[in-house]
Amino acid sequence: MANKKIFAFSIRKDEEPYVKEWDEQHPEVDVEYTDELLTPETAAKAKGADGVVVYQQLDYKAETLQALADMGITKMSLRNVGVDNIDMDKAKELGFEITNVPVYSPNAIAEHAAIQTARILRQTKALDEKIDKGDLRWAPTIGREVRDQVVGVVGTGHIGRVYMQIMEGFGAKVIAYDKFENPELKKQGYYVDSIDDLYKQADVISLHVPAVPENVNMINDDTIAEMKDDAVIVNCSRGALVDTDAVVKALDSGKLFGFVMDTYEDEVGVFNEDWRDKKFPDDRLWDLMHRSNVLVTPHTAFYTTHAVRNMVIKAFDNNNEMIDGKEPETPVKVG
Ligand SMILES: NC(=O)c1ccc[n+]([C@@H]2O[C@H](COP(=O)([O-])OP(=O)(O)OC[C@H]3O[C@@H](n4cnc5c(N)ncnc54)[C@H](O)[C@@H]3O)[C@@H](O)[C@H]2O)c1
């Protein structure tokens, strides 16, 4: 018999199997959910629940939090990392306890970055475009082997480290830079002395750092000028790390061999939308999407069955722990 209840908002079709899996494994918890976002109006759906599980771009504003608190619900578990859309002052005032899922599958993002790196080097997009038109000639679409590249990894956290392993599996020489060096990697001799050294030595530069203010536009006219001719830049991290206009200039001049972007500085409201029957809102992005040496994906590096399952299961685990009065695995500082 269930003696607790968790209500989940904005559950997508691809998350539903994992919600059901968690529900089956927890007969003591009554699990209910909706595909609707959490708003001041929809909050009432959670009436009678001990906690809520959520994931949305939409703000968790004061009225929304108040609506939950009015029903006695102050335990909220995010299925994602980011907490900047929560009114933290209000959450603190109402005594909210909040959790997130900071690490759900580093491999999902690292693998995507590695696949796109290999595709750029082998010019697969240009070849696919030729084949599509019936042009089956080899030249000039010649590939570069990964093992011939120096791959520079900026940020050796959870994702950067997996990317390093995959690139080494291909036989690349891997070098790295991190503001906070990992002692194991340091012992193994991966780190160069400065980020400028990395820019100068690497054929492929892959970014795996957060977009904290000091990292915003770290890829710009000046840093691109330091890079080798025919360098490749891979950004599966955060759009704000890259000055997109600088990259466009370097693609036009032929300085860069290619560019991988899973994230884009103006992606909010554009990615994860269907533009087929609507006017596309961003000319610069449209241009990049149609270049043979640019691989655009709409922030889908994380989007795997493994990652989505972890986001759901870990969020429900966190919420259940809070309901039981235990310390959840990944609490968020409120206030
Ligand atoms: N494309 C996607 O779908 C997707 C999904 C998840 C995460 N990401 C992005 O990938 C990036 C890396 O994620 P992670 O899980 O490996 O993070 P992490 O925290 O494990 O690693 C980040 C690394 O960056 C380093 N770093 C460099 N400069 C820093 C600075 N100025 N301040 C703080 N740390 C600095 C840290 O020392 C750390 O080693 C994040 O920016 C995240 O936003 C992208």
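Which element gives the largest share of the shell around the ligand? That share, three residues, comes from α6. The structure is a predicted model, in which local features need pLDDT of at least 70 and side-chain atom pairs count only at pLDDT 80 or more, while totals for chains, interfaces and linings use all residues. Residues are numbered from 1 along each chain as its sequence is written. Helices (H or I, at least four residues) and strands (E, at least two) are DSSP runs, numbered from the N terminus.

The domain assignment divides the chain into domain 1 (4-104 + 305-332) and domain 2 (106-296); such bounds come from an automatic or database domain assignment. The C-alpha centres of domain 1 and domain 2 are 34 Å apart.

Around the ligand there are 26 residues, of which Gly155, Gly157, Ile159, Ala301 and Phe302 come nearest. A residue is near a molecule if its C-beta atom, placed from the backbone, lies within 6 Å of it. By class, the shell holds eleven nonpolar, ten polar and five charged residues. Here Ala, Val, Leu, Ile, Met, Phe, Trp, Tyr, Cys and Pro count as nonpolar, Asp, Glu, Lys and Arg as charged, and the others, Gly among them, as polar.

An open sheet of six strands shows the order β2-β1-β3-β4-β5-β12, with mixed pairing. Its edges are formed by β2 (29-33) and β12 (331-332), each of which has a single partner strand, so one side of each lacks a neighbour in the sheet. Two strands pair if DSSP finds at least two bridges between them. Strand β3 (residues 51-54) and strand β4 (residues 75-78) run parallel and are joined by three bridges, and valine 54 stands opposite leucine 78 in β4. Helix α12 packs on the sheet, touching β1 (4-8), β2, β3, β4 and β5 (97-99), and its direction makes about 160° with that of β4. Axes are lines fitted to C-alpha atoms, for helices over the stretch in contact, and angles run from 0 to 180 degrees between N-to-C directions.

Helix α12 (residues 305-323) also meets helix α1 (residues 16-25); their axes come within 9 Å and cross at roughly 40°. In this contact, Tyr18, Val19 and Trp22 of α1 face Val308, Arg309, Val312, Ile313 and Phe316 of α12, where contact requires C-beta atoms, placed from the backbone, to lie within 7 Å. The residues involved comprise seven nonpolar, no polar and one charged.

A second open sheet of six strands has the order β7-β6-β8-β9-β10-β11, with parallel pairing. Strands β7 (173-177) and β11 (294-296) are at its edges, each pairing on one side only. On average, neighbouring strands of this sheet are turned by 15° against each other, direction ignored. Strand β6 (residues 150-154) runs parallel to β7 and is joined to β7 by five bridges; glycine 152 stands opposite isoleucine 175 in β7. Helix α4 lies across β8 (204-207), β9 (231-235), β10 (256-261) and β11, running at about 155° to β9.

Two backbone features remain to be described. Most residues other than glycine have a negative phi, and most peptide bonds are trans. Glutamine 123, in the loop between α4 and α5, has a positive phi of about 55° although it is not a glycine. The peptide bond from alanine 139 to proline 140 is cis, with omega near 0°, and proline 140 lies in the loop between α5 (124-132) and β6.

Terms used
Contact = placed C-beta atoms within 7 Å.
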